[in-house]
Amino acid sequence: MNRTALLRAARSWLPFVIAIPFLWLIERKVALNPDLGVEYIFVNVNHIGIAIMLAVSLNLVNGLTGQFSIGHAGFMAIGGYISAVLLMRGPTDDPYRLFFLLAVLAGASAAALAGWLVGKPSLRLRGDYLAIVTLGFGEIIRVIIENTPFFGGAIGLSPIPHRADFAFIYAAVIITILVAKRLRDSTHGRAFLSVREDEVAAEAMGIDTTSVKVRAFVISAFFAGVAGALSGAFEGNLAPQSFTFVRSFEVVAMVVLGGMGSITGATIAATVLTILPEALRSLGEFAYLRMVIYSIALIVLMLVRPRGLLGTRELWDFFRRPRPPRQPGTREASEALIEVRKASITFGGLTAVNEFSLSVKPRELVALIGPNGAGKTTVFNLLTGVYAPTSGSITIMGRDTRGLQPHAIAHLGVARTFQNIRLFRELSAFDNVRIACHHLTRESMAAAVRHGALSEQEEAWIAERSEELLEIMGLSQRRDELAKNLPYGEQRRLEIARALAAGPQVLLLDEPAAGTNTREKVELMELIRSIRDRFGVAIVLIEHDMKLVMGVSERILVLDHGVTIAQGLPREIQSNPKVIEAYLGEKYAKEHFGDVART
Amino acid sequence: MTELLQHIVDGVSLGAIYALIALGYTMVYGVLQLINFAHGDVFMLGAMIGWYLSARWTSEALHPSWLGALGVSLFCMLVCGTTGFLIERFGYRPLRNSPRLNSLITAIGFSLLLEYGGQTVFGPNPRAFGAMPVDPGEHFTLFGVAISYLDLISIGVALLLMVALQLIIFRTRIGTAMRAVSWNPSVAALMGVNVDRVISFTFVLGSVLAAVAAVLYASSYRKVEPLMGLMPGLKAFVAAVLGGIGNVQGAMLGGLLLGLAEHLVSSYVSSSWKDGIAFAILILILLVKPSGLLGKGTAEKV
């Protein structure tokens with residue numbers, strides 16, 4: 001093992017090396033010291049720790065990945081019951097708590113397995129429907145436990161050996177937070193975020209959104225299981241009534257209140273919402289109102305800070321300074337080929353694209369034009385696997401794309417932009433580009449967690465590549481701005497940078513010049529040509545403005561009502577009577593293209 | 001056979017009540033795409049106010065009469081309608097432009113507020129409440145099936161209200177506006193629809209139906225307590241999803257089916273599995289046809 005590897009390993013384990021003796025000391029000298037009378041305080045401190053684990057783990061799904069799960073209590077219950085059953089049947093003497101550790105891991109693994117079983121079929125549902133299914137699963141788990149004598153039925157399990165103490169719980173808290181943080185800062189974390197921001201765009205950038213969601217869900221369920229196991233071994237009993245959807249709601253409230261995706265936010269909110277009802281006990285004669293005050297506080301906090309306590313930021317982001325932009329570099333060329341044969345697609349009775357054929361050769365610049373509703377964007381959706389053709393075939397890099405999902409097609413080397421810009425709006429320009437590099441990386445999630453950050457080489461490579469692309473598109477100054485705050489033209493350019501970051505051999509640009517003025521359009525066409533030259537990619541361009549594409553493209557296809565009415569060199573298209581009539585209208589054709597044809 | 005018929009009658013009467021609550025969920029989801037988790041507690045509030053009016057503030061409960069029952073119901077509708085209006089006005093409207101998740105948290109907040117508030121004011125113990133001058137046991141026999149008068153009233157009232165709701169939604173100006181808002185709020189606003197007023201109206205309408213459901217439920221089950229809204233609320237929500245959330249006829253169908261399924265399971269299997277069946281149906285329907293029985297699927301435009 002060389003020195004850097006050793007250092008990295010040390011840094012990876014450092015938090016535990018430092019924290020565990022401290023936790024142990026606090027446990028021995030403070031929590032267990034009868035003279036201090038801090039028992040009651042430590043009960044609450046431990047409750048907070050369990051709440052933090054729940055909130056931070058749910059945050060992976062609800063905050064980072066943007067999937068709305070409200071069945072967290074169910075996974076907590078599984079973890080709790082499995083480990084409790086083991087503990088109650090296990091050895092009574094467990095000096096180093098190794099058996100306890102094993103029981104916790106077993107419970108957590110069972111919860112993770114349940115997460116996989118629940119997540120696999122239901123994560124294809126979106127938004128509220130997913131929420132409802134997770135709610136349903138959470139409740140079913142509870143009903144099953146209530147009806148299973150082995151798990152103590154409606155009465156619950158008791159007595160469970162008290163093996164979880166302050167040190168053990170907080171060691172688990174630290175692990176939960178570290179795993180969440182290291183994942184979030186890795187390329188996997190950015191993949192989570194991209195799913196939250198825009199699933200369609202994420203797929204187009206080569207991210208397997210279903211697999212990303214299932215992974216986030218399983219990890220989240222695992223830590224909910226840990227929390228459940230520790231909770232049972234701390235309280236000494238488990239009852240199904242404490243795992244109703246109300247419990248899940250509490251955790252959701254912590255995540256939302258903390259700020260979606262913010263780990264420190266979730267931690268703070270978990271602390272506040274756990275302390276609040278306890279603190280309100282000190283109201284004396286008004287103590288009976290404490291839960292009423294708690295619920296009002298929840299409403300008011302949400303109204304006053306709708307983005308959560310910390311928004312999407314972390315506590316330390318408030319102290320961070322922006323970094324200066326970098327200098328540009330260069331990249332090598334690559335080859336590409338798309339072959340579409342008589343692809344058609346119908347929606348109900350409407351044939352949106354009829355027998356469309358297209359062949360794209362390396363470094364070629366092809367324009368796809370046609371009036372509104374001609375089916376141009378539909379062609380892109382067919383090429384990128386958003387739609388499957390009703391008939392005909394599409395071959396990309398020699399591979400039939402039938403049955404391939406958008407992310408798999410992106411892996412083949414096709415990247416696109418969208419007519420109605422689909423950036424990851426709440427992420428920075430830099431992150432938008434970095435996400436597109438995700439499918440080019442190899443590091444596993446486990447490695448990302450172990451190393452603190454993703455293997456530095458790969459992370460550095462991603463950063464370099466992304467900065468370079470921002471530079472080329474003239475966006476270096478905007479590196480750390482949120483995508484949604486960029487002006488319109490820059491958003492379009494950022495989409496191109498993002499598409500290029502996915503390492504395409506064919507770049508599909510859907511009306512990149514839409515909404516820009518004439519001068520900007522001319523500049524953009526120059527830029528497109530230079531991208532082609534510099535990256536050696538083939539480009540298929542959708543554009544309304546016929547004059548513009550005449551100058552830049554080598555070949556033009558004209559679509560009208562889904563039918564390819566003409567194709568050929570720009571000059572041929574200009575003088576094609578069919579095109580002039582169908583696309584430009586007779587009058588316009590006479591006024592303008594009479595002249596063009598003469599010159 | 002008679003036994004099965006008996007269970008069907010009982011199941012339908014429970015289902016009718018679920019359907020009334022489900023309408024509130026589905027209408028609000030239709031206009032706001034919000035799961036109004038406080039709705040079950042508005043239902044609870046209706047039952048509680050009914051108890052206060054008939055047993056605490058007056059002696060109506062000792063000598064129930066039809067007129068009194070009507071008065072109690074109207075008062076419950078008034079209180080619930082107002083509550084629904086206030087919850088929307090102060091809990092959801094300020095968050096109209098925030099992510100929908102936020103409104104969900106305030107919904108949970110209001111739900112907890114009503115529950116804890118109920119426990120504080122009302123106390124945690126259940127109380128008996130019956131506004132109507134018939135006992136749950138009174139019945140007549142038809143083809144060997146015992147049909148209680150209360151079941152008959154529940155089904156009749158629910159049917160009547162559902163027809164009325166259909167008329168409101170499809171035959172009136174405000175109903176047209178509701179449909180417009182559920183289709184596209186910003187376009188509806190551009191067409192001159194006062195979106196805020198339509199949303200308020202929707203909440204009031206849903207809450208009023210919940211109040212009626214509460215009076216019927218409490219009369220049949222003779223029990224009022226601060227947490228009584230939790231399970232019926234959740235079940236009604238499941239019913240709304242089952243029928244296709246956002247779809248009014250779907251909520252009615254879903255409610256009836258759920259009531260039926262639940263009653264059959266608790267009669268033929270075990271009453272402790274009746275909660276499970278509701279959620280099992282829910283998950284099954286969502287995995288097979290996520291838009292619900294009568295809902296239409298939507299695809300995202302790229």
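**Ground rules.** I number residues from 1 along each chain as its sequence is written, and chains are lettered from A and ligands numbered from 1 in the order in which they are written. In this predicted model, local features need pLDDT of at least 70 and side-chain atom pairs count only at pLDDT 80 or more, while totals for chains, interfaces and linings use all residues.

**Confidence, chain A.** I looked up pLDDT, the predictor's confidence in each residue, from 0 to 100. Its mean over chain A is 85, and 91% of the residues reach 70 or more. I take a contact as two residues whose C-beta atoms, placed from the backbone, lie within 7 Å. Residues 595-599 of chain A also stay under 50, with three contacts beyond four places in sequence.

**Domains, chain A.** The bounds come from an automatic or database domain assignment. It gives domain 1 as 38-243 and domain 2 as 338-598. I find their C-alpha centres 42 Å apart. Across the boundary, 23 residues of domain 1 are in contact with 32 residues of domain 2. On the domain 1 side, α6 (166-185), α7 (187-197), α8 (199-204) and α9 (209-235) of chain A each give two or more residues. α7(A) gives the most, with seven residues. Helices here are DSSP runs (H or I, at least four residues), as are strands (E, at least two), numbered from the N terminus.

**Helix α13(A).** I checked residues 376-383, and eight of the eight are buried. Buried means that 20 or more other C-beta atoms lie within 10 Å of the residue's own, with C-beta atoms placed from the backbone. Among them are K376(A), F380(A) and N381(A). G385(A) follows the helix with a positive phi near 80°.

Strands β9 (555-560) and β10 (563-568) of chain A run antiparallel, joined by five bridges. I count strands as paired if DSSP finds at least two bridges between them. I556(A) has G568(A) as its bridge partner in β10(A). Two residues lie between the strands, and H561(A) takes a positive phi near 50°.

**Helix α1(B).** I compared its length with expectation. At 1.5 Å a residue, the 31 residues (2-32) should span 45 Å, and the end C-alpha atoms are 44 Å apart, which agrees. The expected span is 1.5 Å times one less than the number of residues. In α1(B), 24 of the 31 residues are buried. Q33(B) follows the helix with a positive phi near 55°.

How values were computed. A residue is buried if 20 or more other C-beta atoms lie within 10 Å of its own, exposed if 12 or fewer, and partly exposed in between; C-beta atoms are placed from the backbone.
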